[in-house]
Amino acid sequence: MQLPLKLERQSKQTLQNQLFEQIRSLILSGKLKPGTPMPATRSLSEQLGVSRNTVLLAYDRLIAEDYLQTQEAVGTYVNSYLPPDSLVLKAPTQPLVLPEKPQSRRHPILFRGRAQKVANSQRSRLAVDFRVGRLDPHSFPIKIWRRLILRHLGAGGANLTEYRNPIGILALREAIANHLGPARGIAVTPEQIIVVSGSQQALNIVARLLIAQGTRVVTECPCYQGAAYVFESYGAQLHPVPVDQYGLQVSKLPLAPVSLAYVTPSHQYPMGSTLSLKRRVQLLDWAGQVGAYLIEDDYDSDFRHNGSPLTALAGLDPYDCVIYMGTVSKSIGAGLRLGYVLVPEELMEPAKTVKALLDNGNPWLDQAILADFISGGGYAKHLRQIRRMYLRRRDCLIAALKYHFGEVKLSGLEGGMHIVWHLPPDFPTAIEMQAIARETGVGMYALESGGAYDYGYKEYSERTLLLGYSSLPETQIRAGIAKVAAAFLKVLGNPPVKSKLASS
Ligand SMILES: Cc1ncc(COP(=O)(O)O)c(C=O)c1O
């Protein structure tokens with residue numbers, strides 16, 4: 001079946017958006033009936049003369065918004081359970097003349113921003129998903145959590161009915177302070193800590209304190225989408241500074257005044273490098289010189305696979321300029337929405353006020369449980385267990401890649417929950433590899449779809465694939481890479497000479 005679609009290459013809208021809109025309106029106008037099979041992505045891409053990935057991405061969005069459904073061995077078709085007739089636009093018998101919209105007297109919406117895609121609508125469809133930064137649901141300490149819930153509920157009393165300190169309950173702030181000393185080399189008191197709903201809230205608090213329209217903010221390039229999008233939404237003027245295998249290239253930092261720099265020194269997101277000690281010291285000196293605050297996002301430093309972790313920037317800071325963010329999203333579970341932020345003394349009072357204005361504090365029960373889990377030693381034990389598990393999974397992924405693809409160039413191996421695969425020039429681009437993998441039910445991610453912000457630099461976005469290993473048992477890791485290798489061979493037919501694929 002050929003669909004009546006026409007894409008305008010001159011349009012300001014992307015091809016993918018045009019395709020999404022046109023298919024959606026065919027469905028809403030009843031021209032494509034519920035249950036109608038959709039053309040295969042390959043034939044539609046040929047019909048329209050666009051890349052297969054454009055069609056795949058448009059289909060993905062239509063699936064995510066429930067216009068299309070997909071079923072293994074059947075294919076993609078128009079959702080059979082679309083809203084009742086009343087919601088479906090009927091094709092007008094005469095050209096539709098819309099009444100002129102009365103001039104709105106409402107105030108314009110001032111917020112400008114975009115949200116990163118944290119939820120994965122593809123997840124259920126993928127047999128093996130190497131999505132970055134995910135935990136294995138089986139690793140959640142469910143037994144202890146159940147026991148702690150019951151204990152604290154029973155003794156909760158007024159804690160459950162009254163407001164508590166918006167910056168977090170003291171027991172949790174004490175537990176965090178005691179953990180950070182030995183784990184990250186940061187000497188901190190509970191008074192300097194604010195408990196937050198994950199790093200995302202910490203970023204919003206800091207942005208609210210320091211960013212107005214046009215404020216210059218340095219970020220790593222590439223960097224974490226979640227941070228860059230928050231800064232943008234407050235009107236920041238982003239100033240990207242490239243990273244290499246030793247982390248942020250400190251020598252390329254601007255000398256003009258900068259309010260804030262956002263960095264991931266333990267395990268650069270997404271490229272995985274660790275900022276060397278020399279550069280840490282230089283970065284602090286730079287911040288001292290230009291009067292910038294540094295946000296240190298220490299999201300996955302609990303997982304150091306080679307050598308000991310380097311002391312956090314916050315533990316080396318002579319200028320009291322580091323805002324340190326930690327989260328339990330990578331160690332216990334992102335569903336808990338708990339993290340913490342340490343702020344320099346002069347920011348503490350306004351930061352407390354912002355936190356109170358935002359939500360008057362995190363749920364007491366969750367905080368009490370986490371406090372007990374950390375101070376009772378359960379957290380340290382849990383970290384040891386999952387660290388071992390992640391290391392095994394990392395090694396398994398490296399071995400599987402080498403087995404199927406020969407001498408692969410990888411980085412970001414020293415720690416964290418994902419590795420970076422640098423594709424050789426004779427391989428398809430990262431987006432194409434992502435599409436090849438997806439077609440065979442495997443999720444591998446080019447930078448942008450892996451939650452990174454690459455500032456449009458092709459050298460990063462075209463040759464880099466992100467592979468998270470933390471959520472996948474070794475059998476799945478091996479099966480996933482084998483599937484991609486087979487699909488790669490089938491699509492390319494002519495594998496790179498040095499690759500093992502050639503001889504297998
Ligand atoms: C660089 C980085 N920082 C922070 C986070 C965690 O955010 P949160 O604590 O809001 O879940 C992530 C999660 O993917 C991340 O990749």
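Biologist: Where does Ser139 sit?
Modeller: Ser139 is in the loop between β3 and α4. Helices (H or I, at least four residues) and strands (E, at least two) are DSSP runs, numbered from the N terminus. This is a predicted model: local features need pLDDT of at least 70, side-chain atom pairs count only at pLDDT 80 or more, and totals for chains, interfaces and linings use all residues. Residues are numbered from 1 along each chain as its sequence is written, and side-chain values use heavy atoms, with hydrogens and water left out.

Biologist: Is Ser139 buried or exposed?
Modeller: Ser139 counts as buried, because its relative accessibility is 12%. Buried means under 20% relative accessible area, exposed over 50%, and partly exposed in between (1.4 Å probe, protein chains only).

Biologist: What does the side chain of Ser139 reach?
Modeller: The backbone oxygen of Asp136, at 2.6 Å. That is a polar contact: a pair of N or O atoms within 3.5 Å. Within protein, one atom must be able to donate a hydrogen and the other to accept it, and residues adjacent in sequence count only if both atoms are side-chain atoms.

Biologist: Leaving aside neighbours within four places in sequence, which residues is Ser139 in contact with?
Modeller: His382, Ile386 and Met389. Contact means heavy atoms within 4.5 Å.

Biologist: Back to Asp136. Which residue does Asp136 form a salt bridge with?
Modeller: Arg393, with the closest N and O atoms 3.0 Å apart. A salt bridge is a side-chain nitrogen of Lys or Arg within 4 Å of a carboxyl oxygen of Asp or Glu.

Biologist: Which parts does the pair tie together?
Modeller: Asp136 lies in the loop between β3 (128-129) and α4 (142-155), and Arg393 in helix α12 (residues 378-405), so the pair ties together parts that are 257 residues apart in sequence. Asp136 and Arg393 are both buried.

Biologist: How many salt bridges does the count come to?
Modeller: The count comes to 12. Among them is Lys355 with Asp359, at 3.0 Å from N to O. Lys355 and Asp359 are four residues apart in helix α10 (residues 345-359), so about one helical turn separates them.

Biologist: Why does Lys355 count as buried? And what about Asp359?
Modeller: Lys355 counts as buried because its relative accessibility is 0%. Asp359 is at 30%, so it counts as partly exposed.

Biologist: Which residue does Asp395 form a salt bridge with?
Modeller: Arg394, with the closest N and O atoms 2.8 Å apart. Asp395 is partly exposed at 35% relative accessibility. Arg394 is buried at 8%.

Biologist: Switching to rings. How many aromatic pairs does the structure hold?
Modeller: There are 15 aromatic pairs. Rings of Phe, Tyr and Trp (its six-membered ring) pair if their centres lie within 6.5 Å; planes under 30 degrees apart count as stacked, over 60 as edge-to-face and the rest as tilted. One of the pairs is Phe405 and Phe488, with centres 5.6 Å apart and planes at 85°, so it is edge-to-face.

Biologist: Where are Phe405 and Phe488 in the chain?
Modeller: Phe405 is in helix α12 and Phe488 in helix α15 (residues 474-492). The pair links distant parts of the chain, 83 residues apart. Both Phe405 and Phe488 are buried.

Biologist: Which residues do ring pairs link into a cluster?
Modeller: Phe140, Trp145, Phe373 and Tyr379.

Biologist: Last one. What lies over the face of Phe20?
Modeller: Arg61 does, at 3.7 Å from the ring centre. A charge sits over a ring if NZ of Lys or CZ of Arg is within 6 Å of the ring centre and within 35 degrees of the ring normal.
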